[in-house]
Amino acid sequence: MKVRCPSCGYIADKLPPSLRCPKCDDFSHDWLIYDWESFASMKRRHIRYNLFIIGVTLINLLLAITLESTDAFQWLFTLLFIPAIISLFYCRKQLDGESEYEGHRGRALFFWLFGFGGV
Ligand SMILES: [Zn+2]
């Protein structure tokens, strides 16, 4: 796995054990992961999750309208549509940005939904 120095952009084949960049001599806990393929495949997976959530929330919305639901949870669930569509567009944009890719942080691979409830 390649890594990228956050200070000077130096790309190393693996994380230096000292966490010190051999080029600019900066010490950093924040080395970026430099692996477009794994980043892109994770983003494609997030797009599938988002499409799934969008589909389920739309079906749920249709059901709620058809059944004239008074279930607050059912209506609240529909709100998941909003972060899903934002995340979908954001993932698409990131996938189009290979030429601007400069490495990513580990937390970029977490899916937003799993942030709810501290999972
Ligand atoms: Zn450096």
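The entries below go from the whole chain down to single residues.

**Ground rules**

I am working with a predicted model, in which local features need pLDDT of at least 70 and side-chain atom pairs count only at pLDDT 80 or more, while totals for chains, interfaces and linings use all residues. I number residues from 1 along each chain as its sequence is written.

**Overall layout**

I began with the secondary structure and found 3 helices and 3 strands in the chain. I take both from DSSP runs, with helices as H or I of at least four residues and strands as E of at least two, numbered from the N terminus. Read from the N terminus, the order of elements is β-β-β-α-α-α.

Next I checked the dimensions. The C-alpha trace spans about 65 × 30 × 20 Å along its principal axes. The radius of gyration of the chain is 20 Å, whereas a compact globule of 119 residues would have one near 14 Å. For that I use C-alpha atoms, and the globule rule is 2.2 Å times the number of residues to the power 0.38.

I then looked at burial, and 10% of the 119 residues in the chain are buried. My cut-offs count other C-beta atoms, placed from the backbone, within 10 Å of a residue's own: 20 or more is buried, 12 or fewer is exposed, and in between is partly exposed.

Contacts came next (two C-beta atoms, placed from the backbone, within 7 Å). Among those between residues at least 6 apart in sequence, 57% join residues at least 24 apart.

I followed the 3 strands and saw an open sheet in the order 2-1-3, with antiparallel pairing. Strand 2 (11-12) and strand 3 (32-33) are at the edges with a single partner strand each, so one side of each has no neighbour in the sheet. I call two strands paired if DSSP finds at least two bridges between them. Strand 1 (residues 3-4) pairs with strand 2 over 2 bridges, in the antiparallel sense. Here Arg4 stands opposite Ile11 in strand 2.

I checked the length of helix 1 first. Helix 1 has 31 residues and reaches 44 Å from first C-alpha to last, close to the 45 Å expected at 1.5 Å a residue. The expected span is 1.5 Å times one less than the number of residues.

Helix 3 (residues 81-96) passes too: its 16 residues should span 22 Å at 1.5 Å a residue, and the end C-alpha atoms are 23 Å apart, which agrees.

Which residues of helix 3 are buried? I found Ala84, Ser87 and Cys91. They cover an arc of only 65 degrees around the axis, which puts them on the same side of helix 3. I take the arc from the directions between the helix axis and the C-beta atoms. Ile82, Ile86, Phe89, Lys93 and Asp96 are exposed on the other side of helix 3.

What do the buried residues of helix 3 pack against? Their partner is helix 1 (36-66). From the helix 1 side, the buried residues are His46, Asn50 and Ile53, and these pack against helix 3.

**The UniProt record**

I looked up the annotation, and the unreviewed UniProt entry gives "transmembrane region" for residues 49-67 and 73-91. Its positions are in the numbering used here, feature names are shortened, and annotations may be inferred rather than shown by experiment. In the model, residues 49-67 are 95% helix and 0% strand, with end C-alpha atoms 27 Å apart. Residues 73-91 are 89% helix and 0% strand, with end C-alpha atoms 28 Å apart.

**Single residues**

I kept the backbone angles for last. Most residues other than glycine have a negative phi. Leu19 has a positive phi near 65 degrees, and sits in the loop between strand 2 and strand 3. Leu19 counts as partly exposed because it has 13 C-beta neighbours inside 10 Å.

Glu68 also has a positive phi, near 45 degrees. Its place is the loop between helix 1 and helix 2 (72-78). Glu68 is exposed, with 6 other C-beta atoms within 10 Å.

I noted Arg48 in helix 1 as well. With 11 C-beta neighbours inside 10 Å, Arg48 counts as exposed.

Finally, I visited Glu100, in the segment after helix 3. Glu100 has 7 C-beta neighbours inside 10 Å and so counts as exposed. Glu100 and Phe77 are 23 residues apart in sequence and 35 Å apart in space, C-alpha to C-alpha.
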